[in-house]
Amino acid sequence: MPWAAGVRQPVIAVVEAADAAEVADLVRYAANAGLTISVQPSGHGASGDVAGVILLRTGRMNRVEVDPARRTARVEAGARWDGVLAEAAGHGLTGPSGSSAAVSVAGFVAGGGLSRFSRGHGWAADSVRALEVVGADGRAARVTADTDAELFWALRGGGGDFAVITAIELDLLPIPHLHGERTLWPAARTGEVLRAFRQITATAPRELSLWVTRSRTTVAVEVTHLGGAGDARDLLAPLERLGGALSGDRAPRDLAGPADAVVRAGRSPFRAELLTHLDDQVLDLLASAPPPLHLRHLAGALAEADPARGAGGILTEPYLLVTGPALPDGLAPHVSGRKPYTFLAPGESAAHAFPPSPLARLRRIKDARDPHRVLRANFPVHQ
Ligand SMILES: Cc1cc2nc3c(=O)[nH]c(=O)nc-3n(C[C@H](O)[C@H](O)[C@H](O)COP(=O)(O)OP(=O)(O)OC[C@H]3O[C@@H](n4cnc5c(N)ncnc54)[C@H](O)[C@@H]3O)c2cc1C
């Protein structure tokens with residue numbers, strides 16, 4: 001059963017691979033038998049598009065090796081962010097995880113990955129230096145920008161349609177320059193919290209990331225600052241002036257902790273949208289919208305052109321919104337229609353995640369690398 005427990009998976013077989021050699025054997029078997037494989041380490045991104053496929057589980061391939069001198073980690077395909085963060089923390093390092101540390105690093109970076117550090121460092125996939133893969137022909141390769149630029153580009157944001165990733169080498173960040181906190185108010189203060197959020201994010205440096213999560217009873221602000229606690233205080237003054245917080249945790253936070261409302265939204269149907277702006281009208285609509293509601297400031301490095309970037313490309317919309325399955329009334333004119341690949345929901349397609357030109361490039365790469373459709377991502381580029 002996938003993590004997204006409501007999604008039905010009428011597969012023909014489930015295979016647990018112990019290592020890259022077993023992955024290659026399975027891919028060759030499927031290619032010869034005219035079958036299709038979908039990799040699913042955890043099912044956090046399960047779309048249900050798996051009728052008749054072989055589901056490949058990678059959970060046993062979960063080794064994490066940190067190289068403190070180079071500040072890198074080599075992470076096997078089934079390793080989850082919690083494993084990477086725990087191993088990295090022992091060396092004073094951390095990695096670009098998102099709001100759930102239970103998702104696999106491979107699934108996260110294959111879809112680009114919006115991390116707590118994305119405003120400063122771009123997509124999590126931008127931290128990837130090399131990928132060990134098994135191609136749709138069953139051959140193993142180590143892929144970098146120099147050895148295979150097209151595949152390297154596609155697998156860092158275009159999803160898992162092009163090869164099976166067996167291990168990832170990625171850059172880590174030093175923890176001592178990191179400050180995080182989480183403050184909770186009663187849900188009735190949502191409007192005021194959102195106004196303070198807007199004021200701070202209008203001029204926030206890229207080192208500062210704010211996420212707001214509203215549940216039925218509370219509204220929480222999570223802060224991640226790539227810098228000291230003192231600098232963060234000045235930047236966060238509009239929130240401090242609000243007063244009346246139920247609780248506040250200003251110690252360096254456990255970055256593995258989940259944002260509660262998104263967890264619930266993920267288990268049940270959810271919907272993600274990119275907001276083009278946050279004017280008074282949008283703020284009022286969000287403040288009166290039913291929970292769950294999760295709002296993230298994006299922009300910074302995500303909005304900048306970077307020739308080394310993967311298929312996620314530039315994200316110009318300044319805010320990400322995650323809600324229950326129905327978009328709150330009145331918001332439709334204020335969203336762009338694009339969605340980050342890792343936030344696609346069942347029923348949506350890769351065409352929601354990519355503008356026409358990168359989507360066409362991804363489709364060409366798919367046709368060249370997997371003409372017989374041996375591999376299928378949760379959101380295939382050809383749908
Ligand atoms: C509670 C929750 C919080 C989340 N928070 C964030 C967040 O902050 N930022 C963000 O960007 N996303 C977030 N997501 C989305 C999540 O990152 C994606 O759903 C991601 O794809 C999950 O990866 P997985 O491998 O754990 O899931 P799975 O459903 O097991 O895999 C998803 C897809 O990844 C691909 N894939 C996985 N492993 C491989 C591999 N070895 N080789 C090739 N392809 C592979 C496959 O195409 C597969 O269909 C969140 C999801 C949930 C449920």
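A: Let's start with Arg198, which counts as partly exposed because its relative accessibility is 22%; partly exposed lies between buried (under 20% relative accessible area) and exposed (over 50%), using a 1.4 Å probe and protein chains only. Please keep in mind that this is a predicted model, in which local features need pLDDT of at least 70 and side-chain atom pairs count only at pLDDT 80 or more, while totals for chains, interfaces and linings use all residues. Residues are numbered from 1 along each chain as its sequence is written, and side-chain values use heavy atoms, with hydrogens and water left out.

The partner of Arg198 is Asp280: the two form a salt bridge (a side-chain nitrogen of Lys or Arg within 4 Å of a carboxyl oxygen of Asp or Glu), with their closest N and O atoms 2.8 Å apart. This pair links distant parts of the chain, as Asp280 sits in helix α10 (residues 280-287) and Arg198 in helix α6 (residues 190-203), 82 residues apart. Helices here are DSSP runs of H or I with at least four residues, strands are runs of E with at least two, and both are numbered from the N terminus. Asp280 is partly exposed too, because its relative accessibility is 42%.

Now for Lys366 and Asp161, whose side chains meet in a salt bridge at 3.4 Å, N to O. Here again distant parts of the chain are linked: Lys366 belongs to helix α11 (residues 356-369), whereas Asp161 lies in the loop between α5 (149-155) and β9, with 205 residues separating the two.

Another pair to find in the structure is Glu240 with Arg233, where the closest N and O atoms are 2.6 Å apart in a salt bridge. Glu240 counts as partly exposed because its relative accessible area is 36%. Arg233 is likewise partly exposed, because its relative accessible area is 22%.
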